[in-house]
Amino acid sequence: MIETVKTLAKKDKRLIVVSLVIAFTILAIPFVGNPFITHSFMLAFLYASLALSWNLLCGYCGFFSLGHHAYFGIGAYVTMILMLFYDVNPWIGVIISGLAAAILAAAASLPLFRAVGRWFTLATLAFAETIKLIFINWDAVGAARGLQLPVKPESLYWLTFAGPEIYYYLILGLLIIEAIILYRIVRGKIGYCLQVIREDEFTAMSAGINPLRYKTIAMIIGGLFAGITGGFYTTKYRFIDPFSTMDWILSVEVAVCGIVGGLFSFAGPIVGSLIVIPVSFYVRSVFGGPLGGKFFGVHRLIYGCILIAVVLVMPEGVLGWIEKRLPMSARISGEE
Amino acid sequence: MALLSINGLVKRFGGLVAVNDVSFKVGKGELLGLIGPNGAGKTTLFDLVCHFLKPDEGTVIFKNRDITNKPPYVSAVMGIGRTFQIVRPLLNLTVLDNALAGAIVKAGGIEEARNKGLEALKLVGLNGKSSLKAGSLNIAEMKKLELARAVASDPELLLLDEILAGLNASEIDESLKLLNKIHESDVTIIMIEHVMRAVMKLSQRIIVLQEGRVIADGSPKEIANDKMVIKAYLGERYLR
Amino acid sequence: MQAAILQMIVTGVLLGLLYAFASVGLNLIWGIIGIINFSHAEYLMLGMFTAYWLYQLLGLDPLLSLPVAFVMTFLLGAVVQRFAINRVLNAPPLTQVAVTFALLLIIRYTALMLWGPDSRSTITWYSEKSLSVGSVLISYSMLISSILAALSTLLLFLFLTRTDTGIALRATAQDRVTAQLYGMDATKMYTLAFAIAVGITGLAGALFSTIYWIMPEVGAIFSVLMYTVVVLGGLRSLLGCFVGGIIVGVVECLSAFYITPSMKDVPVFLLLLIILVIKPSGLFARKGAL
């Protein structure tokens, strides 16, 4: 996709203008829109960052994980625990969150990758649910009650702000940095090897690629970024419990974002998140909050509908669909 | 010192003994033909050398190191390149991306691998199609691509499994020239082949396998006159 | 102490029989059609609700609603297969997972929307009664449900092995192409197989309605149990399904007793993980027919 944009940009100055307009709009949202819109897009960026790190294993390597949210949850908890019990600065906290999640990812890879094909997805689900169940019953970290950060005065040092505006830029910044790092990884040796593994693991091996090694790398890098994202979640929401940070629906949402946007392009997960999350946020607020009556869960029903529609009608996702219709062949050297 | 030394390899599949106590040495720079009737165990032998299969008995020594029980992805790094009887190109990736697969592990980065891939494609004559999808190639081109991938890894030993199968006469001649060229750049080659004239013409030495055993090992001329070989291929009646 | 363990084991076995029966459908779909139906537990939930509403509206004993539960889920299954599953039979596994997952979301959250999150139960004349065998108490409901489950399995087994349709289904499972060459319409077979498979699970749901809380999200709990049963038992093995079911039932009951009831499914999860990693083909896997 990026290649497409670059090559097209050379040919069509209008595209540069459009890109700049989009960039400007994104940067301007907190100033122009109301807090509601700002919040929903901030959430979209959060999911985008999760979807990007998740797609490293899924779109690029062919392993559909429904346990990615476990790393997010661990990240959220680690930062919470550090801030709540040890007064650690959140900026440091999120880094440690990332590392903790990465370590968990490394440990999880060993058993998980022994499960083949569709069983892998099931195994990741079981893995993540086990973690959630453990946290639900673990009193020292709040069990089902959750943990709450006390109210603090606004400060950048403690990453505490009243409204969603600053967090908006913060998460956007995270997304951009993560995107840059992941893009370089994906266009390089690691990304290439992952794709070869996805295409044909046997051929990959005969070419000298050690599949387990690269799958594990993808899992760890994905986990690392998911953990950091989780850490930032804690700083914004200040309350976490196993249900909001470790529930499998999170992975489903991430997967929906990825599939809608297009798994096989780099920016697909981002585009998907920007579409799905604000819509879902809107639906949820219109039909009542988490404890609101009969329409609780409507957004999940909508996820199901979107998912099945996209998969049956537009399996390559929004971005893939657009790319197919572009005048110029976007495929330079198999890397999408 | 032999580049490759195979000692007493045995491989059983249930009751069937596919490879039955095979031993031979291959010196650096040789061009060895491996022939034999279908089912003689030739491909199985390759699988054992490249550790896609584990031998029940015996050892494989390459460059003085015992590689018998290594995992499958090690052989490419160690300097063994291989093509397969049934080609398996990565259909959705481009021709270049297929070729550079061979180079990626040894290369420092993707750029270097890409360059090596292009070189390999040039060698086999496919560089004009480098940005096409591999799925659009015909069978002869796919075989060349497979060869390019093996060559891109800078192998010291090249194992070719029926690389001439399915090609017409002119394509075979072209391939023979190519193989000669590769051989001249100091690559040791073992080729499994059924195309007799190619094997006879190209090889310096031929090993004949039948029912998992080595029944002959010598120059093409010796092999052509070997009684056991004639019996194996054509049957008893042809023995004078 | 020993009495308690014995109690747990007996309960576990009976429960396990029910779990096994509920999971047979999943095993069938996996075996005949070749996909993992992630939405399978939702049909159980639908069976539970069918029984519940018949009980609530018509005063029907849940066990009498078995045929209705079967038919309703059967019909739904046929529709789902024809319009959704059939289109992704040859698609990459990722797509298949996505479709069945989407169905899970649609079924579960439509139910939630229609019926709300509260849990309900059915009360019958035998709800509170138990049988005592030695030191062990067996609730009537569980006993009756288990027996019916066992009977239904027998019927299923007979269907698959003695009737023409059943044999045709198994043939399609073994080799789709050859079956088609012999004139069997694969789509029809698959639709039938899927519908039967989910129908059985709906029936199992009705059986569960007398012993379990009925709520739209019950699928979340059951799905893990069902996957574990199927993975433990292995592909295409009816016997394996039952052994798997009993193991899961017993593990769950013992966990509830030894750890805490709220953690009773953690060992089952772990068991699933372990089996997936060690022997994903299951304990009884064979390439042959059911």
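The model is predicted. Of the 2 pairs of chains in contact, chains A and C share the most contacts. Chains B and C do not touch.

**Chain contacts**
- Chains A and C lead in contacts among the 2 pairs of chains that are in contact.
- Between chain B and chain C, the nearest C-alpha atoms are 14 Å apart.

**Helix α3 of chain C**
- Helix α3(C) runs over residues 66–83, which is 18 residues.
- At 1.5 Å a residue it should span 26 Å, and its end C-alpha atoms are 26 Å apart, so the two values agree.
- Its buried residues include L66(C), A69(C), F70(C), M72(C), T73(C) and F74(C).
- Further along, G77(C), V80(C) and Q81(C) are buried too.
- An α-helix has 3.6 residues a turn, so residues three or four places apart point the same way.
- The cover over the buried residues of α3(C) includes α2 (40–58), α4 (93–115) and α8 (186–208) of chain C.

**Helix pair α3/α4 of chain B**
- The axes of α3(B) (residues 95–104) and α4(B) (residues 110–124) come within 7 Å and cross at roughly 115°.
- That angle makes α3(B) roughly perpendicular to α4(B).
- The crossing of α3(B) and α4(B) is right-handed.
- From α3(B), the contact uses V95(B), L96(B), A99(B), L100(B), G102(B), A103(B) and I104(B).
- From α4(B), it uses A113(B), R114(B), K116(B), G117(B), L118(B), A120(B) and L121(B).
- The residues of this contact divide into 10 nonpolar, 2 polar and 2 charged.

Methods: Residues are numbered from 1 along each chain as its sequence is written. Chains are lettered from A and ligands numbered from 1 in the order in which they are written. This is a predicted model: local features need pLDDT of at least 70, side-chain atom pairs count only at pLDDT 80 or more; totals for chains, interfaces and linings use all residues. Helices (H or I, at least four residues) and strands (E, at least two) are DSSP runs, numbered from the N terminus. The expected span of a helix is 1.5 Å times one less than its number of residues. A residue is buried if 20 or more other C-beta atoms lie within 10 Å of its own, exposed if 12 or fewer, and partly exposed in between; C-beta atoms are placed from the backbone. Two residues are in contact if their C-beta atoms, placed from the backbone, lie within 7 Å. Axes are lines fitted to C-alpha atoms, for helices over the stretch in contact, and angles run from 0 to 180 degrees between N-to-C directions. Angles under 35 degrees count as roughly parallel, over 145 as roughly antiparallel, 65 to 115 as roughly perpendicular and the rest as oblique. A crossing is left-handed if the near helix is turned anticlockwise from the far one by less than a right angle, and right-handed if clockwise. Ala, Val, Leu, Ile, Met, Phe, Trp, Tyr, Cys and Pro count as nonpolar, Asp, Glu, Lys and Arg as charged, and the others, Gly among them, as polar.
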